[in-house]
Amino acid sequence: MYLLLKLFIPLCIIYSGYPNNKDYLSVTRDKGIRGNHVVHLEPEKEKIIRNPMMGWALYADAYHPDMKFWQKFDHISVQGHASPVKASDYATHLYIRWPWSALEKEEGAYAWEYDEFFLLLERGAEERGLKLAFRVYVDSRDYRTSSTPEYVRMAGAKGYMGNTGKWSPYPDDPVFQEKFEKFIRAFAERYDDPGRVEFVDGFGLGKWGEGHSIELTDKGNYIPMFHWITHLYLTSFKKIPVAINYHVEIGKPLLTEAFEQGYILRHDAFGMSQYYGDFEKSIVQEQFPRRPVIAESGWWMNGNENWYQRDPNGYKTWQDVWGQTLQDALNEHANILDLRNIAETRSWMEHSLDLVNRFIAEGGYRLYPDHISLPATMKNNTTISIIHRWNNLGVGVCPSNIKQWNQKYQVAFALLDQNTQTPQKIFIDPNAEPSQWIKNKPVTYKHRQEIKDIPEGIYTWGIAIVDTSQNNTKGINISVKRNTGPTGWVPLFDVTVK
């Protein structure tokens, strides 16, 4: 009777360590590999999955510092919600876009050491589980205060007066370059930390730091200046992604050079049909999925409620703007999109929360294995077969291949302690590359693993995408409904080692 039950009752795994939790997986015998079982996990398709280099961004500018910054982002009224919502529940990082002059008012006096507003932003992001991201700009045009510290001008840097009567340096000036290089090195010493920082914009020149309308002492210095600034950022920030605006004024040859050296893609005109056209789309077509895309809406609430109506798209409401911005971001494989400052964030969330949730579901990357074949019993001094197939539900890419990450995120299987769920033995498949997983293109891997020196006993198979630079701790959250253990591994089924 026992044998009959074994043959005909479907294999079911129930973990007492997860009370009131559905298993969200099925386990059956693998008909192709003797002794293996096949696991099918149910994907999580809608809830926010916080992973590196993806998601919604909140913005913070230096002008008009508001010590109630976080209170405003924490209390947004949304139709249909009984109580205010927190923007940080939908976002993954805070993008701090500050002028150099606010980050270093006097030479060697850095905002992260004394500026109350900057420190409030930094602490608040950490308290809400948000990472940081940065742009440092130096051009004062369109701003009411100087974007470069006065000490740089006093040291003899050459510059010019812009449209607001504020001074800006020429980026090819040697004094400017000397002072800015010193600042960036100090900045990177503090923030080249992937545990706290998502990315940094690695250009920051021209109007608004977007890379256009750059003024030089000599136009012939453009290429040397470009090489100087890109080399500065790439050699200063070695652990976090470094982005550049793929602006048409920079041109494809120099942009391609920057990408090949380690830059990723960013553009600040999504939703603006006259500024995001064939050139920009061609860059993405050439570079994706080798490099991720950061998207920013080109339209922002600058006091003129109707100025977006100048767009040929014929927008009539901000909901129209956000809808097209989102569609552009999805079409262009964006990993990141901006909720921006409090006015835009309120507009997105009060009137277009469905669009916010849609980018959470479809933007960036959502990685999950839909087929895993593992043995139920193993013996030491033998070799086992592991088959696993991976999917990406998002339009973006997990950029594990970029220079700064250097394939540090890898698929791993573990023998977990049945009580603590901590890994006792970890097996990594070096051929499984997350940057190759693109939407609607599942990838299957076959891995042969030698088993030796494992104490006999019963374990639980676990799966994770680990960070090999952090002692193989969980690095990427897998998008499945099944609860993970305390160390982030997804438990599968029990395995006996003899």
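Good morning. A search of the whole structure finds 47 aromatic pairs, where rings of Phe, Tyr and Trp (its six-membered ring) pair if their centres lie within 6.5 Å, and planes under 30 degrees apart count as stacked, over 60 as edge-to-face and the rest as tilted. One of these is formed by Trp-56 and Phe-359, an edge-to-face pair with 5.2 Å from centre to centre and 65 degrees between the planes. This pair links distant parts of the chain, with Trp-56 in strand β3 (residues 55-61) and Phe-359 in helix α13 (residues 353-362), 303 residues apart. Both Trp-56 and Phe-359 are buried; buried means under 20% relative accessible area, exposed over 50%, and partly exposed in between, with a 1.4 Å probe and protein chains only.

Before I continue, a word on the basis of these values. This is a predicted model, in which local features need pLDDT of at least 70 and side-chain atom pairs count only at pLDDT 80 or more, while totals for chains, interfaces and linings use all residues. Residues are numbered from 1 along each chain as its sequence is written, and side-chain values use heavy atoms, with hydrogens and water left out.

A further aromatic pair is that of Phe-69 and Trp-70: the ring centres lie 5.0 Å apart and the planes stand at 85 degrees, so the pair is edge-to-face. Phe-69 counts as buried because its relative accessibility is 8%, and Trp-70 is buried with a relative accessible area of 4%.

I turn now to the chain as a whole. The secondary structure of the protein chain comes to 13 helices and 23 strands; helices (H or I, at least four residues) and strands (E, at least two) are DSSP runs, numbered from the N terminus. The radius of gyration is 25 Å, close to the 23 Å that the globule rule gives for 498 residues, so the protein chain is as compact as a globular protein of that length. That radius is taken over C-alpha atoms, and the globule rule is 2.2 Å times the number of residues to the power 0.38. Along the principal axes, the C-alpha atoms fill a box of roughly 90 × 50 × 45 Å. Of the 498 residues, 57% count as buried. Contact means heavy atoms within 4.5 Å, and among contacts between residues at least 6 apart in sequence, 74% join residues at least 24 apart.

Next, the charged side chains. The structure holds 29 salt bridges, each a side-chain nitrogen of Lys or Arg within 4 Å of a carboxyl oxygen of Asp or Glu. Among them, the side chains of Glu-42 and Lys-481 meet at 3.2 Å, N to O. This pair also links distant parts of the chain: Glu-42 is in the loop between β2 (36-41) and β3, and Lys-481 is in the loop between β22 (473-476) and β23 (490-497), 439 residues apart. Glu-42 is partly exposed, with a relative accessible area of 34%, and Lys-481 counts as partly exposed at 31%.

Arg-128 and Glu-127 form another salt bridge, at 3.7 Å, N to O. Here Arg-128 counts as buried at 19% relative accessibility, whereas Glu-127 is exposed at 63%.

A further salt bridge joins the side chains of Arg-340 and Glu-296, at 3.4 Å, N to O. Arg-340 lies in strand β14 (residues 334-340) and Glu-296 in strand β13 (residues 293-297), 44 residues apart. Arg-340 counts as buried at 4% relative accessibility, and Glu-296 is buried with a relative accessible area of 2%. Salt bridges that share partners join Asp-61, Arg-97, Arg-135, Asp-201, Arg-266, Asp-268, Glu-296, Asp-338 and Arg-340 into one network.

Finally, I come to strand β20. Its covered face carries Val-443, Tyr-445, His-447, Gln-449 and Ile-451, and its uncovered face carries Thr-444, Lys-446, Arg-448 and Glu-450. Strand β17 (residues 382-392) is joined to β20 by nine bridges, and the two run antiparallel; two strands pair if DSSP finds at least two bridges between them. Within β20, Thr-444 is the bridge partner of Arg-389.

Where in the chain is Ile-451 found? Ile-451 belongs to strand β20, residues 443-451, and counts as buried because its relative accessibility is 0%. Leaving aside neighbours within four places in sequence, Ile-451 is in contact with Met-378, Lys-379, Asn-380, Asn-381, Thr-382, Ile-384 and Phe-427. The C-alpha atoms of Ile-451 and Arg-266, 185 residues apart along the chain, are separated by 45 Å. Thank you.
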